[in-house]
Amino acid sequence: MEMPNWSAWLDAWLSAGAVRRARLAPAAALPVRWVDTPQAAVRVFDSGGDKPCIVLSPDGPNVIEHYAELIALLMPHYRVLCFDMPGFGFSAPGTTYDHSLQRGATGMLELMDQLGVAKATLALSCANGFYAIRVAQMAPQRVERLVLSQTPSLAAMHRWTDRVVPKVLKVPVVGQLLSRVFRQKMASAWYRIALPKTTDPEPFRRVSHHALRCGGCFSLAGVVQGLLREPADAARLHGIPCTVLWGTQDRSHKFTSPHAIQHDVPHAEVVVLEACGHFPDLEDPQRFVQALLLGRTEAPTQA
């Protein structure tokens, strides 16, 4: 008999009220809904339509609402799906969701299935980029292209975790409890180091703190522990077109090469953005959209 994963169970228990509280809150600026999958109750924005599809997912503590400007820029060209990853924002994970690459990728494919998306460009950032890579490994026929932001190699991510993440968050159960108790303080501290010194973190902080005050999730310990369990070669990929945007003003990645991703994805194109920090897709959304459209083989669809 398989032993229960107490960390995953605790994450699910701590997040259980997130969906209920969010559904009782006033309507969000973006129309969202919840899609129940075997992995999680997933909160998603779906612009609908029959344009080529692009899938986004915020890098916590960011939430869907951080993406309003980028979504508006993308909608003339794409059907836009933007969803909170399980354990972040208002997507409550199930009791078996352990933030492993397999669970995360399976959840993404289940969401695409339920929304009728046969194939999509996956545009995710940081740790979420590894889940996108695993989707491409599992189901390459469903991935048009990867456009990642601030995603290094998995080995480089492990080294980053050793340098940046407090050791206590790597301890199962204890880390989950502390992540929940100190989630607002951790979010504030993260924006201070992740954004350029010249960028005011308050607009980012205001949106994330509102979500956290309303019961939103920030399962930092869960994703840290999940990725640390993965072998360093688990994100190797060949064949799928891949572009990585890298902001050099991200002080958390001071010692990470912008080209680290090429250890796992040798053919990846790396676009270095000297003025951006950890969130190139949000800090310079015009440049992000430009990178997307330049990679399209067909002419962009006009609204």
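The following paragraphs go through the salt bridges and then the aromatic pairs of this predicted model. Local features need pLDDT of at least 70 and side-chain atom pairs count only at pLDDT 80 or more, while totals for chains, interfaces and linings use all residues. Residues are numbered from 1 along each chain as its sequence is written, and side-chain values use heavy atoms, with hydrogens and water left out.

Side chains of opposite charge can pair when their charged atoms come close. A salt bridge here is a side-chain nitrogen of Lys or Arg within 4 Å of a carboxyl oxygen of Asp or Glu. By this rule there are eight salt bridges. One of them joins Asp84 to Arg43, with the closest N and O atoms 3.0 Å apart. Asp84 sits in the loop between β4 (79–83) and β5 (88–89), and Arg43 in strand β2 (residues 40–46), 41 residues apart. Helices (H or I, at least four residues) and strands (E, at least two) are DSSP runs, numbered from the N terminus.

Buried means under 20% relative accessible area, exposed over 50%, and partly exposed in between (1.4 Å probe, protein chains only). Asp84 has 1% relative accessibility and therefore counts as buried; Arg43, at 3%, counts as buried too.

A further salt bridge runs between Lys119 and Glu144, whose closest N and O atoms are 3.8 Å apart. Lys119 lies in the loop between α3 (101–114) and β7 (120–124) and Glu144 in strand β8 (residues 143–149), so this pair ties together parts that are 25 residues apart in sequence. Lys119 is partly exposed because its relative accessibility is 41%, and Glu144 is partly exposed at 42%. Asp162 pairs with Lys170 in another salt bridge, at 3.7 Å between the closest N and O atoms. With 49% relative accessibility, Asp162 counts as partly exposed. Through shared partners, salt bridges also join Arg43, Glu65 and Asp84 into one network.

Turning to the rings, those of Phe, Tyr and Trp (its six-membered ring) pair if their centres lie within 6.5 Å; planes under 30 degrees apart count as stacked, over 60 as edge-to-face and the rest as tilted. The structure holds seven such aromatic pairs. Phe88 and Phe218 have ring centres 6.0 Å apart and planes at 65°, so the pair is edge-to-face. Phe88 belongs to strand β5 and Phe218 to strand β9 (residues 217–218), so the pair ties together parts 130 residues apart in sequence. Both Phe88 and Phe218 are buried.

Trp160 and Trp190 are also edge-to-face, 6.0 Å centre to centre with 85° between the planes. Trp160 is in helix α5 (residues 154–164) and Trp190 in helix α7 (residues 183–194), so parts 30 residues apart in sequence are tied together. Trp160 is buried at 8% relative accessibility, and Trp190 is buried at 12%. Finally, Trp6, Trp9 and Trp13 form one aromatic cluster.
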